Amino acid sequence: MNNKAEDPNLWNDAAEAQKLMRERQQLDDSISGVKRLERQMTDNIELIEMGEEEGDETVVREAEDALKALKAESGRLQVEAMLSGEADGNDTYLEVHSGAGGTESQDWANMLLRMYIRWAEKQGFKVEVMEVHDGEEAGIKSATIHVKGHNAYGWLKTESGVHRLVRISPYDSNARRHTSFSSVWVYPVVDDSITIEINESDCRIDTYRSSGAGGQHVNTTDSAVRITHMPTGIVVACQQERSQHKNKAKAWEMLRARMYEAELMKREAAANAEAASKTDIGWGHQIRSYVLQPYQLVKDLRTGVESTDPDTVLNGGLNEFMEAALAHRISGSADSVSDID
C-alpha cells in the first residue's frame with residue numbers, strides 16, 4: 001500500500017487516491033493503536049512490580065486501574081477488527097420510531113434518541129439531526145440522525161430492532177407500571193462509488209413545514225421533504241436545512257442509503273437465513289429490554305448480556321451490548337457456513 005501511495009500517477013484518479021489514503025490511514029491507526037496498548041501494558045506491569053517491591057499500594061492500585069482501562073480499549077479494537085463488512089466503515093443513518101401507546105412510547109423514543117446521541121459523542125463521532133417529528137404532549141414520533149465517523153455503521157448495525165421499556169409511568173397519575181415499545185433502524189451512508197438506481201417515477205415527494213418545540217426547529221415555509229419509494233414502501237424525510245432544495249438533496253441521499261441497506265440485507269438473507277431472522281426489525285422481534293421497575297435491568301435478548309445499571313446504558317453505555325451482538329452475529333454466520341460445508 002505504501003508503494004501505491006508513493007506512485008506519482010496515483011492522483012490521476014482523485015477519488016481512488018482519496019480512498020487509498022483513507023485505507024492507509026486506517027491501517028496506520030490500527031497498527032499504532034496495538035503498539036500503544038502493548039507499550040502501556042508493559043509499563044503498567046513494571047509499575048506494579050516496582051510498587052510491590054517498595055510497598056506502595058497507591059502505585060499498584062493506579063497501575064491496576066490503568067490495566068483495566070487498557071482491557072476495555074483492547075476489546076474495542078478487537079471489535080473494530082471484526083468490522084470487515086462491505087459498508088462497516090461508512091457513516092450511518094439511525095432512525096427511531098415510537099410504537100403504539102401514544103405519549104408513553106413517544107417519550108421512550110426520545111430516550112432512545114438521546115441514548116444513541118450520547119453513545120456517538122462518547123465514541124468521538126459527529127452527529128447531525130436530520131429530522132424530528134415531535135409527539136403531541138411529550139417525546140417524539142420519529143427522528144433520524146446522521147452519525148459520522150469511521151466504522152459508525154459497523155458499530156451500530158446490530159441496534160436495528162424493537163426496544164422495550166418497562167417503568168412506572170411519569171404520565172400516569174396512578175403511578176402504574178407501563179410497557180412501551182420503539183423501533184430503531186440503522187442503514188449505511190453510501191458514497192458515490194456505489195451505484196443505486198432509483199426511478200423517480202417510482203417515488204412520491206411531499207413537502208411540509210419543519211416541526212419542533214421552538215428555536216432552530218421553527219420554520220414558516222414548507223422546507224421539509226419526505227420521499228416515499230412506492231414499490232418498497234421505504235420512506236425517508238429531512239428537515240435539517242432551511243432550504244427545501246437542500247433537504248430534497250439530503251433526502252435522496254438517505255433513500256439511496258436505505259435502498260443499499262436493503263440490498264445488503266438480501267445478500268445476508270441469501271447467505272445466512274438465521275442471520276436474516278436476527279436482523280428483522282419487525283415488531284415481533286424485540287432485541288433488548290430496559291426494565292426500570294420493579295427492578296433495574298437491561299437485557300439483550302439475542303446474546304443474554306445484562307446490565308443492572310440502566311442509567312449508564314441510557315446515557316450511552318452501549319459498547320458491551322454492541323460488542324456481544326457483533327460477535328454473536330459473526331459466530332452465527334460462521335456456524336451457518338460450517339453447516340453448509
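User: Is Ser169 buried or exposed?

Analyst: Buried means under 20% relative accessible area, exposed over 50%, and partly exposed in between, computed with a 1.4 Å probe on protein chains only. Ser169 is buried, with a relative accessible area of 4%. The model is predicted: local features need pLDDT of at least 70, side-chain atom pairs count only at pLDDT 80 or more, and totals for chains, interfaces and linings use all residues. Residues are numbered from 1 along each chain as its sequence is written, and side-chain values use heavy atoms, with hydrogens and water left out.

User: Where in the chain does Ser169 lie, and which residues does Ser169 contact?

Analyst: Helices (H or I, at least four residues) and strands (E, at least two) are DSSP runs, numbered from the N terminus. Ser169 belongs to the loop between strand 4 (161-168) and strand 5 (177-188). Contact means heavy atoms within 4.5 Å. Apart from neighbours within four places in sequence, Ser169 is in contact with Glu104, Arg176 and His178. The side chain of Ser169 also reaches the backbone nitrogen of Tyr171 at 3.0 Å, a polar contact being a pair of N or O atoms within 3.5 Å; within protein, one must be able to donate a hydrogen and the other to accept it, and residues adjacent in sequence count only if both atoms are side-chain atoms. Along the chain, Ser169 and Gln293 are 124 residues apart, yet 9.8 Å separates their C-alpha atoms.

User: In what order do the eight strands of the open sheet stand?

Analyst: Two strands pair if DSSP finds at least two bridges between them. The eight strands follow the order 2-3-1-5-4-9-10-11, with mixed pairing. Strand 2 and strand 11 (306-307) stand at the edges with a single partner strand each, so one side of each has no neighbour in the sheet.

User: How many bridges join strand 3 to strand 1 and to strand 2?

Analyst: Strand 1 (residues 92-98) is joined to strand 3 by six bridges, antiparallel, and Thr92 has Val147 as its bridge partner in strand 3. Strand 2 (residues 126-134) is joined to strand 3 by eight bridges, also antiparallel, with His133 opposite Ser142. Five residues lie between the strands in the hairpin of strand 2 and strand 3, where Gly139 takes a positive phi near 70°. Seven of the nine residues of strand 3 (residues 140-148) are buried, so strand 3 is largely enclosed by the rest of the structure.

User: In what order do the strands of the three-stranded open sheet stand?

Analyst: The order is 6-7-8, and the pairing is antiparallel. Strand 6 (203-208) and strand 8 (234-238) are at the edges, each with a single partner strand, so one side of each is left without a neighbour in the sheet. Strand 7 (residues 224-229) pairs with strand 8 over five bridges, and Thr228 stands opposite Val235.

User: Which residues touch the most other members of the largest nonpolar core?

Analyst: In soluble globular proteins, nonpolar side chains tend to be buried together. A nonpolar core is a set of buried Ala, Val, Leu, Ile, Met, Phe, Trp, Tyr and Cys residues joined through side-chain atoms within 4.5 Å. The largest has 61 residues, of which Leu255 and Tyr290 touch the most other members. Helix 4 gives the most to this core, with ten residues. Not counting residues up to four places away in sequence, Tyr290 touches several residues, including Trp108, Leu112 and Met115.
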